[in-house]
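Please look through the structure below with the sequence beside it.

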Amino acid sequence: MSFLKNLFGGARLDGDVLARSKEIKEYAQIDLLSCFVTPRLPHEPAEQKRWSRVLPKPYMETLALLQKQGWLAQSPDGFYQVTAAGMPFVETYRQRTEAAKAEAMAKVRKALEQKMTSEALTVRRQYENLTPLGKADWTGPEPQMDHSAVTRRIFFLEHWLLDGLSPETQAWLKLYAAEEHLWGAYWRQPAAEIPSYVQAELARADQDISEAAYWKAYQLGLYVDNQETWQRCKGGDHVRRMEIVGPDDEFTCEHCRAARGKEYLVVRVPELPHRECTSPRGCRCRYEPVLETVEEIPLHG
Ligand SMILES: [Zn+2]
């Protein structure tokens, strides 16, 4: 059949087959098509190169091919958009990627319930390796080698951030925070999925429970990341100073605002989170290594 199609119709593609295919080269074409649901210009040249590596034909040729199928249209101003004929394949593909995401998230959660963080990271990597560019659009940056070890620290945290919380609530928060940290992504949990004991302990007048749980879990992930940055800088030769950075918005307290942008020698840097912080979101300050200019780096050997 495909032989006849090729013989008579040139490159006539079956969108439904591509959208469901197990071959990355095949579904990558529908993945690319999906980028144009909202009209947009072609990707930047560097990005096009990454796409070309995984597509059966180079990026621009693929766009032309998708146009030829009637799935993609180009407007006079150069914008491309998926046509009505192309949308069913985009939809099939979207359902497929949603299902893959749900499955990977469930597997990661299961591994983390056992504190198996490196297994959880393997699940994340396997999941992302199946995306055409090797990176899902909702996850954080490419994880460092020791990422799962940092995630793991969340489970063993004993910190004033957890003061006054029952062991059950601490365990629930740690799992939530570890899951987010592992993915490098942050999300609110629907109130209905937050256990009643957690709701009772985290309730605040100025935030709904999803928001309160979100910021509490966020604090735990941020804490292990800050610890990691600090330890890495303390142990290295090349970083002598760290800067305190953080958001400056309506939720930033005066103490954190005053600390923003200040640089310290690594050994003198104030502890984060700031105990003095009064923000309803908690202290969102981070350590940022200050990169020395070339002349300042001592030469070795
Ligand atoms: Zn603050």
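**The zinc site and its surroundings**

Along the chain, the donors of the zinc ion are spaced as C-x2-C-x20-C, where donors are N, O and S atoms within 2.8 Å of the metal (3.2 Å for Na, K and Ca), and since water is not among the atoms, sites may look incomplete. The coordinating atoms are the SG atoms of Cys253, Cys256 and Cys277, at 2.1 to 2.4 Å. Cys253 and Cys256 are both buried, a term that stands for under 20% relative accessible area, with exposed meaning over 50% and partly exposed lying in between (1.4 Å probe, protein chains only).

This is a predicted model, in which local features need pLDDT of at least 70 and side-chain atom pairs count only at pLDDT 80 or more, while totals for chains, interfaces and linings use all residues. Residues are numbered from 1 along each chain as its sequence is written, and side-chain values use heavy atoms, with hydrogens and water left out.

Helices (H or I, at least four residues) and strands (E, at least two) are DSSP runs numbered from the N terminus. The largest nonpolar core has 41 residues, and Leu112, Leu173 and Trp183 are those with the most contacts inside it; such a core is a set of buried Ala, Val, Leu, Ile, Met, Phe, Trp, Tyr and Cys residues joined through side-chain atoms within 4.5 Å. Two or more residues each come from α6 (87-113), α7 (117-129), α8 (147-155), α9, α10 and α11 (209-235), and α11 gives the most, with 10 residues. Apart from this core lies another, of 21 residues, which includes Ala19, Leu33, Tyr80 and Tyr93.

Which residues does Gln189 contact, leaving aside its neighbours within four places in sequence? Gln189 lies in the loop between α9 (167-183) and α10 (196-202), and its contacts there are Trp172, Tyr176, Ile194 and Ser210. Gln189 is classed as buried because its relative accessible area is 14%.

Gln231, by contrast in setting, has its place in helix α11, and it counts as partly exposed because its relative accessible area is 36%. Between Gln231 and Val266 there are 35 residues of separation in sequence, yet their C-alpha atoms are 9.3 Å apart in space.

Conventions. Contact means heavy atoms within 4.5 Å.
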